Amino acid sequence: MDKLFGGHYPLLKQALYACALRQEAIAHNIANVNTPGYRRVDVSFEEFLRAAQQTPLRTTDQRHFVLPPAPLANPQVTPDENAPMRPDGNTVDIDDEMAQLAENQIRFQALSQLITGRYQSLRTVITGGGR
């Protein structure tokens, strides 16, 4: 499957998973906006993408060792230690959560459209474009 999509399929699949995980984290934060002492959680999506997009080393001589590409890191839910705390000890800002929810939905739609487009291209190739 990876070679059919030019090697980007695992990255797209993992990015889609990271978006789904962030959606759960944001929903959990919104559900606990009035819970005293609750500390918001987040998924470090941008760091995940930055690490996944690193260009692999190229060999310019036969004597160079070929290194395999770095494995994709699994996105994880982590507590946000930098969020400002309210007097009740809660660190959720509902306006910030709603903005992140909208951003995450746009990112998820863009990724799913990329995957859908690749499948449609594959279908066109298999069926001969409807000829």
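Visitor: How do the residues lining the second largest pocket divide into nonpolar, polar and charged?
Guide: This is a predicted model, in which local features need pLDDT of at least 70 and side-chain atom pairs count only at pLDDT 80 or more, while totals for chains, interfaces and linings use all residues. Residues are numbered from 1 along each chain as its sequence is written, and side-chain values use heavy atoms, with hydrogens and water left out. On a 1 Å grid, a pocket is an open set of points where a 1.4 Å probe fits, with protein on both sides within 12 Å along at least five of seven lines, and lining residues have an atom within 4 Å of a point. Counting Ala, Val, Leu, Ile, Met, Phe, Trp, Tyr, Cys and Pro as nonpolar, Asp, Glu, Lys and Arg as charged and the others as polar, the lining divides into seven nonpolar, two polar and two charged.

Visitor: Which residues lie nearest the centre of the second largest pocket?
Guide: This pocket holds about 150 Å³ of space. Of the 11 residues that line it, those nearest its centre are Leu-11, Leu-12, Leu-49, Leu-111 and Leu-114.

Visitor: Which helix gives the largest share of that lining?
Guide: The protein has three helices (DSSP runs of at least four residues) and two strands (at least two), in the order α-β-α-β-α along the sequence. H1, H2 (45-52) and H3 each supply at least two residues of the lining. The largest share, four residues, comes from H3.

Visitor: How are H1 and H3 oriented to each other?
Guide: The axes of H1 (residues 9-31) and H3 (residues 94-127) come within 9 Å and cross at roughly 155 degrees. Because angles over 145 degrees count this way, H1 and H3 are roughly antiparallel.

Visitor: How many charged residues belong to the contact of H1 with H3?
Guide: The residues of this contact include 16 nonpolar and six polar ones. The number of charged residues is five.

Terms used
Axes fitted to C-alpha atoms, helices over the stretch in contact; angles between N-to-C directions. Parallel < 35°, antiparallel > 145°, perpendicular 65-115°, else oblique. Points joined across faces, edges and corners; volume = space filled by probe spheres on them.
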